Amino acid sequence: MQLNLKNSVAFFDLEATGINISTDRIVEISIVKVKPDGGQEIYTKKINPTIPIPLESSLIHGIYDKDVKDEKTFKDLAREIYQFIGQSDLAGFNVLKYDIPLLVEEFLRAGIEFDLDKRNLLDAQKIFFMMEKRNLTAAYKFYCGRTLENAHSAEADTLATLDVFKAQIERYVGEEMEDLQGNKLGVIENDMKKLHDLLNEKMVDLAGRFVFNNEGVEVFNFGKQKGTPVTQVLKDEPGYYDWMMRGDFPLDTKRKLTQIKLRGFNQ
């Protein structure tokens, strides 16, 4: 179908050095501008982020430092991108929580005030989540074919979850599981230890402040040390441990940090 447009809509997607809107940078932008008459214009550019691209990010989007070292920076391209978007509305998938805030941040760093007040902001992910529910009631209906009575009663919810879990195993056993980026994680089996490993492959602490990288090494998952091995930071910046232990971090995170530190002393 053709969209009923009164204004052009710029559908866009960003690839970046990471997911921290304040500190990460765009490495690629692609915009498809759809006009009211149905015509389209496409703008795609790789961008030198001026900071190193963490390996874990490169493995997801396939863009490495060498691929962008000779490209223009966002500041170099900001005016060109701004003019291409013009007064278009903005649209994409998960743009409200990530792409739009990151794009606005990059414009502000380049000295351009990118006004959103008169633009419609359209997120296909939000429509998906609102129209195709992903709660327990929807899962119970989908997997078990039954309507959940007394939803939000602890016992009813728990029994429904058990039924859903058993139905999931029956439905998916032997199938390959992939993460959101399409990376193959392994085959689903009726084995709780193997399921745990599939579902929590990179988990170190419950809050996700540390994760395992592709080499199985615990690395920071936030801030300026993101992607850096925890043991390396504790060695190079001993005060970092004390800062985290005094900070407003979950006790589980502090416990894991202490375990990693003590293990380093014993090696």
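Which residue in E5 is the bridge partner of Ala91? The legends below, which describe a predicted model, begin with the answer.

**Figure 1. Close-up of strand E4 and its bridge partners.** The bridge partner of Ala91 in E5 is Leu122. Strands E4 and E5 pair in the parallel sense, and three bridges join them. Strand E4 (residues 89-92) also pairs with strand E1 (residues 9-16), again in the parallel sense and over three bridges. Within this pairing, Val9 stands opposite Asp89, and Phe11 has Ala91 as its bridge partner in E4. Strand E4 is covered on both faces. Asp89 and Ala91 lie on one side, Leu90 and Gly92 lie on the other, and all four are buried.

**Figure 2. The open sheet of five strands.** The strands follow the order E3-E2-E1-E4-E5, and their pairing is mixed. Strand E3 (40-46) and strand E5 (121-123) are at the edges; each has a single partner strand, so one side of each has no neighbour in the sheet. On average, neighbouring strands of this sheet are turned by 20° against each other, direction ignored.

**Figure 3. Helices that pack against the sheet.** Helix H3 (residues 74-85) packs on the sheet and touches E1, strand E2 (26-34), E3 and E4. The direction of H3 makes about 170° with that of E3. Helix H5 (residues 124-131) lies across E4 and E5, and H5 runs at about 55° to E5.

**Figure 4. The packing of helices H6 and H7.** Two packed helices are described by the angle between their axes and the distance between those axes. Helix H6 (residues 136-144) packs with helix H7 (residues 154-172) at an angle of about 45°, and their axes are 9 Å apart. On the H6 side, the contact is made by Leu136, Ala139, Tyr140, Phe142, Tyr143 and Cys144. On the H7 side, the residues in contact include Asp157, Ala160, Val164 and Arg171. Sorted by class, the contact of H6 with H7 has 10 nonpolar, two polar and three charged residues.

Figure 5. Asp70 lies in the loop between helix H2 (65-68) and H3. Its relative accessibility is 66%, so Asp70 counts as exposed, the cut-off for that class being over 50%. The C-alpha atom of Asp70 is separated by 42 Å from that of Glu175, and these two residues are 105 residues apart along the chain. Gln225 is found in the loop between strand E9 (218-220) and helix H9 (230-236). With 8% relative accessibility, Gln225 counts as buried, because buried means under 20%. When its neighbours within four places in sequence are left aside, Gln225 is in contact with Phe220, Val233, Glu237 and Tyr240.

**Figure 6. The protein chain as the setting for the close-up views.** The protein chain has 11 helices and nine strands. Its C-alpha atoms fill a box of roughly 55 × 55 × 35 Å, taken along the principal axes. Of the 267 residues in the chain, 35% are buried. Among contacts with a separation of 6 or more, 49% are between residues 24 or more positions apart.

Technical notes:
Residues numbered from 1 in each chain as written. Predicted model: local features only at pLDDT ≥ 70, side-chain atom pairs only at ≥ 80, totals over all residues. Heavy atoms only, no water. Axes fitted to C-alpha atoms, helices over the stretch in contact; angles between N-to-C directions. Helix = DSSP H or I, 4+ residues; strand = E, 2+ residues; numbered from the N terminus. Contact = heavy atoms within 4.5 Å. Nonpolar A, V, L, I, M, F, W, Y, C, P; charged D, E, K, R; others polar. Pairing = 2+ DSSP bridges. Buried < 20%, exposed > 50% of the residue type's maximum accessible area, 1.4 Å probe, protein only.
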